[in-house]
Each structure stands twice: as structure tokens, then as C-alpha cells.
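The model shown here is predicted.

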Amino acid sequence: MTRSHHPHQPTVTIRSEPIDAPIWGRELIDPSAISQHGNAMRLPVTVGGALMPDAHVGYGIPIGGVVALEDAVAPYMVGVDIACRVMMSLYPAEDLDLLDNASRRDQLRRVLRRETRFGIGAHFDGRDRREHDVMDDPAWEALPQLRRLKDKAATQLGTSGSGNHFVDAGVVEMPADGAVALGIEPGRYLGIMSHSGSRGTGAQIANHFSKLARDTVRLPDGFQHLAWLTLSSEPGQQYWLAMNLMGRYASANHHTMQRAIAKSLKLKPVARIENHHNFAWKETWKGREVYVHRKGATPAHEGALGIVPGSQGHDSFIVRGKGNVASINSAAHGAGRNMSRKQAKNTIPRSERDRWLAERRVELLDAGMDEAPQAYKDIRQVLSFQTDLIDILATFSPRIVLMAAGGPAED
């Protein structure tokens with residue numbers, strides 16, 4: 001029997017079989033994630049989908065899932081950490097002394113710890129509070145909920161959250177093709193890479209509108225978290241406004257963080273790349289207007305630059321999209337987990353993690369055992385399944401990694 005809070009609304013009829021959705025790297029993906037994505041392919045508003053090789057089970061749809069809906073947006077397909085994103089700043093080769101010189105490296109450690117905060121509820125108070133024009137965005141005044149959350153958002157600007165959020169410093173190897181794409185010279189660069197999103201504000205927006213969607217669309221058991229809001233409805237327009245504000249806010253979060261780091265270290269970037277995931281984009285696909293949900297998937301339109309990070313101990317990559325229609329112009333957003341957080345904490349010895357990182361010359365300033373590199377798929381193997389989706393332009397090798405000390409994830 002189907003349980004519901006909507007006794008007077010008929011249950012939405014879903015397809016008996018999922019529509020076809022191509023899968024990249026099927027052998028790397030847990031069957032339960034494939035099944036979860038298949039559920040999204042059975043909705044009447046779904047017109048297309050794809051699954052990336054970093055996929056693993058998430059809320060609503062898998063991390064690594066891509067779903068195109070018609071006249072609809074589904075909050076849990078976007079994700080709880082709306083507009084979670086990655087940014088990398090590149091600095092000239094002479095700044096690599098921050099990694100190679102002992103006193104400069106110590107300065108880098110101190111700055112990374114000081115110029116961001118990690119963990120649920122992490123924020124800056126008083127004179128430390130960050131400033132950015134995004135807090136003057138008129139969208140904050142458009143909805144009562146956004147007005148209530150504005151001060152919380154202001155205090156959390158420049159922070160990194162928990163889970164798999166990080167700030168890394170490392171070496172970027174930039175070959176000729178990548179250099180042309182970024183408008184810089186080939187060679188070695190210092191890279192500082194951050195991963196964070198819309199923090200507690202985005203999470204509250206996600207939970208509010210996901211509940212609203214479940215209260216609006218009555219779905220069978222097992223499908224409730226796939227509930228959507230139509231874009232022609234007022235709630236749908238409200239979520240769309242809030243989600244897009246969170247996209248601008250998440251970008252500002254990174255810009256304030258990276259600006260503070262650069263200022264403290266007296267660095268001047270020569271290039272900067274950023275992209276977000278956990279978002280829905282209005283796009284034209286196969287001649288129709290759709291809302292493309294990329295939950296833990298990177299936009300990979302033809303010529304689009306992006307970043308695909310590995311774990312705390314694996315390389316990360318600057319990439320360029322090929323605009324593959326079959327993947328709905330998408331690629332993986334990272335390596336993807338091969339074990340749950342609980343399993344990682346219960347089975348990976350700390351000594352084994354530390355030995356693994358030391359062999360790769362990675363200094364870990366802080367992180368929970370749930371983020372140990374052994375809990376992740378091999379990023380190079382994940383990328384090997386995506387040669388038709390992206391080109392690799394440059395490689396980032398981490399040398400110093402800072403993450404939250406452990407706790408619930410926000411990704």
C-alpha cells in the first residue's frame with residue numbers, strides 16, 4: 001500500500017520501464033546506483049539521462065547522475081549542497097617555493113588554516129567576516145526564506161564545510177594544449193584548489209523545497225525523493241530563483257576564500273578555472289528545452305573548461321568538454337567513492353592511509369578517515385572511460401591537503 005500525505009491527490013503514474021540512459025564505466029558502478037538512476041528514468045517528466053563512471057548511491061539520484069526533465073526541476077536531483085563547486089587558481093612557477101622551501105611551506109600551512117573554516121556551522125565572525133557583492137544580490141529579498149537566511153549566508157562566506165570539501169595546494173603540469181586553452185605559457189605552476197558549496201543556506205533551501213515537492217507530487221513508495229516542481233508553478237519559480245542565487249553564492253564563497261589566501265601569501269593568479277555540480281541548467285538538448293540536473297556531474301559542453309578532482313592522494317585534472325550529446329554534455333565530477341563513509345572508517349587503518357599518502361609526497365593537515373584515498377575509485381581509471389566526453393588539459397598533483405576533521409558529509 002502506498003503511504004502519502006496527499007489523500008485527495010491521485011498517485012502519479014510512472015513508466016513501467018526506465019527510458020534508455022547510457023552508462024559510462026558500468027563495471028565501476030555499484031548495481032544499486034544503476035538501479036537508483038533507473039528509477040529517475042521512469043518519471044513521466046524525464047526525457048533523458050546518463051550515468052558517469054564515478055557514480056555511487058546518493059539521495060534521490062546517484063552522485064554522478066544526469067537527468068533531463070521537461071518543465072520540471074527536482075530539488076533532490078540537484079542535491080542538498082546546491083551548486084557545490086571546484087575552483088583552481090594557478091600561480092607562476094616561482095611561487096612553487098611555497099611547497100619546496102621549509103619556511104615558506106610553514107607559512108602556506110598557516111594561511112590555509114587561517115583563511116578558511118571547515119565543518120558544519122563553520123563561519124567567520126565580526127571583523128573576520130568576508131565581503132562580497134553577492135550579499136547585495138536583490139534575490140535575497142525575493143523570498144521570506146532567503147531574507148531569513150541572508151545573515152547566516154554572510155557569516156559562512158569563505159568557508160569549506162565538511163565531508164569531501166577541501167583546500168589543496170600542489171603542482172600543476174601544464175602542457176602546450178592546455179596552455180593555449182587557458183591563455184598562459186606551458187610549464188609548471190603552483191595550484192591552489194578548493195571544493196565547497198552553498199553551505200548551510202543551500203542545505204536549508206534544498207530541504208524546504210524538497211519537502212514542498214513531495215507534498216505537491218504524490219509518487220509511489222521508493223520514488224518520493226524524486227518529486228519535482230513544475231517551472232510553470234509559483235513554487236517551481238521560487239526554487240529556481242533560490243537555486244540560481246545559491247550558484248552565485250557558492251562561486252562567491254570560493255572567490256572570497258581564494259582571494260584571502262592569495263592576499264595573505266602575496267600571490268597573483270595567472271589563471272583561474274571553476275565549475276559547479278549539484279545544479280540544474282536550462283538547456284536545449286536534441287532540439288527541446290530541458291532542465292538538466294547534474295548531481296555530482298561536471299558540465300562538459302564543447303570547449304567548456306572544468307576540473308575533475310581525485311581523492312586527497314590522487315591527481316586532479318583540468319579538462320575541456322567535447323559536447324557529447326549522449327551524455328547530455330556531461331562528465332564525471334571526481335573519482336567517486338568505492339566504499340561508504342562508515343565502511344571506510346571501520347576498515348581502513350590510519351597507518352595505512354598515512355603510509356599511502358607519504359609514498360605520494362602528500363602532507364595531510366587534517367581530514368576524517370571517511371575521506372581516506374583508499375575509499376575512492378582510481379581517478380585515472382574513471383577518466384579512461386570518458387575519452388569521448390572530455391580532453392585532459394593539465395594535471396594537478398596535491399602536496400598539502402586540508403579537510404574537515406571528520407563528521408557528516410554535505411555533498
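Begin with helix α5, residues 144-156, and helix α8, residues 234-265. Their axes lie 12 Å apart, and the two helices pack at an angle of about 15°. Angles under 35 degrees count as roughly parallel, and α5 and α8 are therefore roughly parallel to each other. The crossing of α5 past α8 is right-handed.

The contact between these helices can be followed residue by residue. On the α5 side are Leu 146, Ala 153 and Gln 156, and they meet Leu 241, Ala 242, Leu 245, Tyr 249 and Asn 253 of α8. Sorted by class, six residues in this contact are nonpolar and two are polar, with no charged residues.

The largest nonpolar core holds 50 residues, and Leu 43, Met 77, Ile 82, Ile 205, Leu 219 and Tyr 239 have the most contacts inside it. At least two residues of this core come from each of β2 (63-69), β3 (72-73), α2 (75-78), α5, α7 (199-216), α8 and β9 (279-285). The most are given by α8, which supplies nine residues.

Leaving aside residues up to four places away in sequence, Ile 205 touches Ile 82, Gln 145, Leu 146, Leu 149, Tyr 239, Ala 242 and Met 246. Apart from the core already described, there is a second, separate core of 31 residues, with Val 290, Phe 317, Ile 328 and Ala 375 among them.

Notes
Residues numbered from 1 in each chain as written. Predicted model: local features only at pLDDT ≥ 70, side-chain atom pairs only at ≥ 80, totals over all residues. Heavy atoms only, no water. Axes fitted to C-alpha atoms, helices over the stretch in contact; angles between N-to-C directions. Helix = DSSP H or I, 4+ residues; strand = E, 2+ residues; numbered from the N terminus. Parallel < 35°, antiparallel > 145°, perpendicular 65-115°, else oblique. Left-handed = near helix turned anticlockwise from the far one by under 90°. Contact = heavy atoms within 4.5 Å. Nonpolar A, V, L, I, M, F, W, Y, C, P; charged D, E, K, R; others polar. Core = buried A, V, L, I, M, F, W, Y, C linked by side-chain atoms within 4.5 Å. Buried < 20%, exposed > 50% of the residue type's maximum accessible area, 1.4 Å probe, protein only.
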